[in-house]
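Please look through the sequence and the model below before reading on. The numbered points follow what can be seen there.

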Amino acid sequence: MLPFHEEFPFNAGRLAFAPLFSDRVEDIVLAADVLLRVQVPPGAQIVAFSFDGDVRVRCGGAETSLGLPAASSTDGTGSVLNPALRRLPAGATHLCLRAANACKGSLEFWS
């Protein structure tokens, strides 16, 4: 898997905002209101999300779940709507994805 961080001169100035295309991309097809768990590849530290519809995401383990919100939450158990680029927390093994409407997209991983 390609690293996200590159050495100089690519990590300075404008080039730092344009990472290389990853060599690890997963195509994702989400059915309406169906949970999909995607296993995080070994060594992955960063993931970019790109979808043609609204997607909710939660990072965790194989047992992690998420539902579409029907009310406000105040206990920190919510999910992220349409994340762009995120670092994966240590110990995360799966990404949970769910969309209210069917959509397609991709997950791009870097080490």
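1. A salt bridge here is a side-chain nitrogen of Lys or Arg within 4 Å of a carboxyl oxygen of Asp or Glu. In this predicted model, the count by that rule is two.

2. One of the salt bridges joins the side chains of Arg-24 and Glu-26, with an N to O distance of 2.8 Å. Glu-26 is partly exposed, at 25% relative accessibility. Arg-24 is also partly exposed, at 34%.

3. The side chains of Asp-33 and Arg-98 form a salt bridge at 3.2 Å, N to O. Asp-33 sits in the loop between β1 and β2 (36–39) and Arg-98 in strand β7 (residues 94–98), so the pair ties together parts that are 65 residues apart in sequence. Asp-33 is partly exposed, with a relative accessible area of 42%, whereas Arg-98 is buried, at 15%.

4. Four strands make up an open sheet in the order β1-β8-β3-β6, and the pairing is antiparallel. Its edge strands, β1 (24–30) and β6 (85–87), each pair on one side only. From one strand to the next, the twist averages 20°.

5. Within the sheet, how many bridges link β3 and β8? Strand β3 (residues 46–51) pairs with strand β8 (residues 103–110) over six bridges, in the antiparallel sense. Ser-50 has Ser-106 in β8 as its bridge partner.

6. Apart from neighbours within four places in sequence, Ser-79 contacts Arg-56, Val-57, Arg-58 and Leu-66.

Notes: Residues are numbered from 1 along each chain as its sequence is written. This is a predicted model: local features need pLDDT of at least 70, side-chain atom pairs count only at pLDDT 80 or more; totals for chains, interfaces and linings use all residues. Side-chain values use heavy atoms; hydrogens and water are left out. Contact means heavy atoms within 4.5 Å. Two strands pair if DSSP finds at least two bridges between them. Helices (H or I, at least four residues) and strands (E, at least two) are DSSP runs, numbered from the N terminus. Axes are lines fitted to C-alpha atoms, for helices over the stretch in contact, and angles run from 0 to 180 degrees between N-to-C directions. Buried means under 20% relative accessible area, exposed over 50%, partly exposed in between (1.4 Å probe, protein chains only).
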